[in-house]
Every structure is written in C-alpha cells, then in structure tokens.
Amino acid sequence: MTEPLRSHTEPVDAHALRDEPFEPEVVSSDVVYKGWVWDVRSDRVAYGDGEIIREYVDHTGAVAVLALDDAGRVLLIQQYRHPIRHRDWELPAGLLDIEGEDPLVAAQRELAEEADLVAQEWQLLVSTWTTPGGNNEMIRIYLATGIQTAPAAYAREDEEADIRVEWVPLSDAVDAVLEGRLRNGILSLGVLAAERRLRG
C-alpha cells in the first residue's frame, strides 16, 4: 500500500519550501468524457490502506503573458467567459495544444494573436497549477517587455472577436485585484508577481 504524506513536526526551512512530487499507484484510469478542448478522466488510486477515486479535467497546460510597456503599464484584455457569465479582465493566454511546442514560443504566439504585439525581452515570471483539486493544468506566466506592434494583425473569432484591450498602470491593476474588482486568478497572480519582481 502507498503511504500518504504525514505531517512534519519541525518547521520547514523557508529556502526548502516547495511542492513535492508524490506518485501513488494508479490502479485504473479511464476517460469518462471526451471533450472538444479537454477530457474528463477518472482515476482509481491506491492511497494509504485503501483506494480513492478522483475525477478531474485532463488539461493540455497553458501559457499567459504579462506584457509591460516602458511606462509601467500592463496589457489587460477583456473577453466573455461562458462558465462564469462575465466579461472578465485577463492576461493574454492560450493552451499548449500544439504537440511539442515550446511554452515560450506559445506565449509569443498568444501575444501576437490576441493583442497584435511582439516583445523583445521574455522571462518566466511564475508558474502555477490553476485548480489542483479539479484539473492538472499547469500555466506558465511570462513577463514580456520591449513591446512593439506585430508586423501583421490577426483575424479573431468567437469570444476573441470582440476582445477589449487596455493598458493599465501596474499599480492600478494590483489595487483592483486586492480590492476584489478583478478576480481572474492568472491575472491576479501575474500582476502581484510582476510588482514583486520589479520592486526586488
């Protein structure tokens, strides 16, 4: 049987604080729903003295871009998101749905496709699992600077056809997150991480 993680009695060293890989035996794994974009999978897992069943969205992974101009403004886009029935403010982002594509290349493509922009400098800002209890999506957020207009504009469809694009002072975006006016998780993490990076 696979033993679950036990509580530590000693405090964790701040420099050693990190998520830990843990791979119990997966007894069975079945696709219970095959979707257009991602699937729902049901796994039966040996855990502790028994077994648990967990259903989750089997996700391709994604990238997002925190584009920052020379005036310290961050690029925000607004589009309709059906599950939440809101046009929420977001960072340009997209799925890692091209087999073998480098995440940085995907981020560069998304910035061009969603905002008609390119950037001279790219750094990985932060990465996160978006909803570890419900899906296996890992998203990498890149900091893009040296912003320029892309050589060609992209034709956009569906929710992207009426994307609203705004340049907002980074401090204003941080305030809006902390005051609960902007609630997109990736945007929130991105602007807070960017402010911390720039301050440090």
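Reply: Strand β2, which covers residues 39–47, pairs with β3 in the antiparallel sense, and 9 bridges link the two. To pair, two strands need at least two bridges found by DSSP; strands themselves are DSSP runs (E, at least two residues) and helices likewise (H or I, at least four), numbered from the N terminus. The model is predicted, so local features need pLDDT of at least 70 and side-chain atom pairs count only at 80 or more, while totals for chains, interfaces and linings use all residues. Residues are numbered from 1 along each chain as its sequence is written, and side-chain values use heavy atoms, without hydrogens and water.

The pairing of β2 with β3 belongs to an open sheet of 3 strands, arranged in the order β1-β2-β3 with antiparallel pairing. At the edges of this sheet stand β1 (26–33) and β3 (50–58), each of which pairs on one side only.

Strand β5 (residues 73–81) is joined to strand β6 (residues 86–90) by 5 bridges. Here Q79 has D88 of β6 as its bridge partner. The two strands form a hairpin with 4 residues between them, and R85 in this hairpin takes a positive phi.

Most residues other than glycine have a negative phi. R85 counts as exposed because its relative accessible area is 54%; exposed means over 50%, buried means under 20%, and partly exposed lies in between (1.4 Å probe, protein chains only).

The position of D116 is the loop between helix α1 (103–115) and strand β8 (117–129). D116 has a relative accessibility of 16% and therefore counts as buried, whereas R85, at 54%, is exposed.

The part described above may now be placed within the whole. The protein has 3 helices and 10 strands in total. From one end of the sequence to the other, these elements follow the pattern β-β-β-β-β-β-β-α-β-β-β-α-α. Helix α3, residues 185–199, contains R196. Because its relative accessibility is 60%, R196 counts as exposed. R196 and A152 are 44 residues apart along the chain, and 33 Å separates their C-alpha atoms.

As for overall dimensions, a box of roughly 55 × 45 × 35 Å, taken along the principal axes, is filled by the C-alpha atoms of the protein. The protein has 200 residues, and 38% of them count as buried; D116 is one example of a buried residue. Contacts (heavy atoms within 4.5 Å) can also be sorted by distance along the sequence. When residues at least 6 apart in sequence are considered, 56% of the contacts join residues at least 24 apart.
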